[in-house]
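Subject: Structure for you to look at

Hello,

Here is the structure I said I would hand over. Please open it before reading on, and keep it on screen while you go through the notes.

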There are 2 protein chains.
Amino acid sequence: MAKFKLDETDHKILGMLIDNTRTPFTDIAKKLLISAGTVHVRVKKMEEAGIITGSSLSLDYKKLGYSFIAYVGIFLEKTSQTQFVLNRINEIPYVTVAHITTGKFNLFCKVRAKNTEHAKQVIFKIDDIDGVYRTETMISMEESLNDKTRLMRSIFDEMIS
Amino acid sequence: MAKFKLDETDHKILGMLIDNTRTPFTDIAKKLLISAGTVHVRVKKMEEAGIITGSSLSLDYKKLGYSFIAYVGIFLEKTSQTQFVLNRINEIPYVTVAHITTGKFNLFCKVRAKNTEHAKQVIFKIDDIDGVYRTETMISMEESLNDKTRLMRSIFDEMIS
DNA sequence: GGTGAAAGCACCGAGTT
DNA sequence: AACTCGGTGCTTTCACC
């Protein structure tokens with residue numbers, strides 16, 4: 001939970017790995033003018049500290065046939081049901097992220113589905129959860145991905161300057 | 001854009017790589033009772049087909065000091081400004097995803113920041129864009145990540161059954 | 001489209017400065 | 001902390017099925 005101290009070298013290593021986890025340590029070493037062993041040790045330390053929690057593939061979901069994205073805002077009958085409903089939502093396939101929120105909605109989640117028909121089925125499952133009073137759906141017509149890489153750049157740029 | 005035909009072996013390979021891009025091909029080969037060379041060829045084909053678009057590190061942003069998440073709904077003065085405003089939003093650091101949406105808002109984005117003060121600065125930048133009439137912020141109190149892995153499981157479960 | 005073996009590297013730990 | 005170096009094991013290719 002605490003802030004972890006990373007120096008500029010660590011950031012540069014992360015910067016090279018965030019776009020491609022298979023970037024050879026030897027390449028990183030060459031670019032940063034350090035030894036591959038040092039890269040190895042630093043990555044390991046970041047893994048042990050829990051900064052690096054794993055690695056994942058980036059897939060083109062449109063090509064896989066999942067081109068529908070929607071956000072669903074959820075109103076509850078009573079706020080005391082929040083955790084219960086969140087747990088139920090997390091059991092529903094094709095819900096990719098869920099949040100407890102302040103503001104308009106009590107809960108908020110993202111759904112990725114094949115098409116409108118498929119999404120409707122997913123959203124009906126959310127509506128059916130005990131304690132859900134009403135939902136409000138926002139359909140994404142276009143997603144512009146900044147995502148992880150972009151966020152890391154924001155963080156790095158600030159730290160280096 | 002078209003659906004790409006993946007067989008069960010491809011799905012199993014993706015299933016083993018989605019959680020850990022560094023899973024040795026030899027391990028995958030052993031488990032699926034095929035040769036490591038075959039795993040290599042199939043992964044390469046999926047890369048060439050654009051199904052696999054890359055690989056990225058999973059990082060603990062809380063430990064990096066970025067524990068604030070909010071969603072921002074955006075109302076525009078005129079819908080004709082949509083693309084222009086989307087482009088401006090994509091230039092703002094700490095905005096991680098942006099969408100053009102139907103429903104309540106014209107645009108919709110996710111912000112990850114250090115704290116409320118930092119988030120305020122980011123949201124002010126959104127408010128300042130020409131054509132933005134009003135924004136509505138939903139602060140996440142708790143994020144429960146299903147994320148990529150979860151989605152892939154949803155897809156695989158369906159395909160295998 | 002798959003195999004199996006061989007060659008080429010990367011990873012990773014031990015020992016050193 | 002960082003470097004070098006050597007053993008181990010993964011990746012990648014290629015001739016063959």
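The notes below go from the interface to the strands and then to the charged side chains.

Please keep in mind that this is a predicted model. The values below were computed from its atoms.

**The interface**

Start with the two chains together. How many residues of chain A are in contact with chain B? There are 75, and they touch 75 residues of chain B. The size of an interface is often given as the accessible area lost when the parts come together. For chain A and chain B, the buried area is about 7,100 Å². Carbon and sulfur atoms give 55% of that area.

Several elements of chain A give two or more residues to the side that touches chain B. Among them are helix H1 (8-18), helix H4 (82-90) and helix H6 (147-160) of chain A, and also strand E1 (52-59) and strand E5 (132-145) of chain A. The largest share comes from E5(A), with ten residues. Sorted by class, this side of chain A has 35 nonpolar, 22 polar and 18 charged residues.

Lys63(B) lies in the loop between E1 and strand E2 (68-76) of chain B. The side chain of Lys63(B) reaches the backbone oxygen of Ala49(A) at 3.2 Å. With a relative accessible area of 23%, Lys63(B) is partly exposed. As a guide to distances in chain B, Lys63(B) and Asn87(B) are 24 residues apart in sequence, and their C-alpha atoms are 30 Å apart in space.

**Strands within and between chains**

Next, look at the strands. E1(A) pairs with strand E1 (residues 52-59) of chain B in the antiparallel sense, over seven bridges. Which residue stands opposite Ser56(A) in E1(B)? It is Ser56(B).

Strand E3 of chain A pairs both with a strand of chain A and with a strand of chain B. In chain A, E3(A) and E4(A) are antiparallel and share five bridges, and Val95(A) stands opposite Val111(A) in E4(A). The hairpin of E3(A) and E4(A) has four residues between the strands, and Gly103(A) takes a positive phi near 105° in this hairpin. Towards chain B, six bridges join E3(A) to strand E5 (residues 132-145) of chain B, again in an antiparallel arrangement. There, His99(A) has Glu143(B) in E5(B) as its bridge partner.

Why is E3(A) described as largely enclosed by the rest of the structure? Seven of the eight residues of E3(A) are buried, so the strand is largely enclosed.

**Salt bridges**

Over all chains, the count comes to 16 salt bridges.

- Arg88(A) forms a salt bridge with Glu91(A), and the closest N and O atoms are 3.0 Å apart. Arg88(A) is partly exposed, at a relative accessible area of 27%.
- In chain B, Arg88(B) forms a salt bridge with Glu91(B), where the closest N and O atoms are 3.0 Å apart. Arg88(B) is partly exposed, at 26% relative accessibility.
- Lys110(A) forms a salt bridge with Glu143(A), with 3.3 Å between the closest N and O atoms. This pair links distant parts of the chain: Lys110(A) is in strand E4 of chain A and Glu143(A) is in strand E5 of chain A, 33 residues apart. Lys110(A) counts as buried because its relative accessibility is 14%, whereas Glu143(A) is partly exposed at 25%.

Finally, Asp7(A), Asp10(A) and Arg42(A) are linked in a network of salt bridges. Asp10(A) is in helix H1 of chain A. Is Asp10(A) buried or exposed? Asp10(A) has 8% relative accessibility, so it counts as buried. The side chains of Asp10(A) and Arg42(A) make a polar contact at 2.9 Å. Leaving aside neighbours within four places in sequence, Asp10(A) is in contact with Arg42(A) and Met46(A).

Regards

Methods. Residues numbered from 1 in each chain as written. Chains lettered and ligands numbered in written order. Predicted model: local features only at pLDDT ≥ 70, side-chain atom pairs only at ≥ 80, totals over all residues. Heavy atoms only, no water. Contact = heavy atoms within 4.5 Å. Buried area = accessible area lost by both parts, 1.4 Å probe. Nonpolar A, V, L, I, M, F, W, Y, C, P; charged D, E, K, R; others polar. Pairing = 2+ DSSP bridges. Buried < 20%, exposed > 50% of the residue type's maximum accessible area, 1.4 Å probe, protein only. Polar contact = N/O pair within 3.5 Å; in protein donor to acceptor, adjacent residues only side chain to side chain. Salt bridge = Lys/Arg side-chain N within 4 Å of Asp/Glu carboxyl O.
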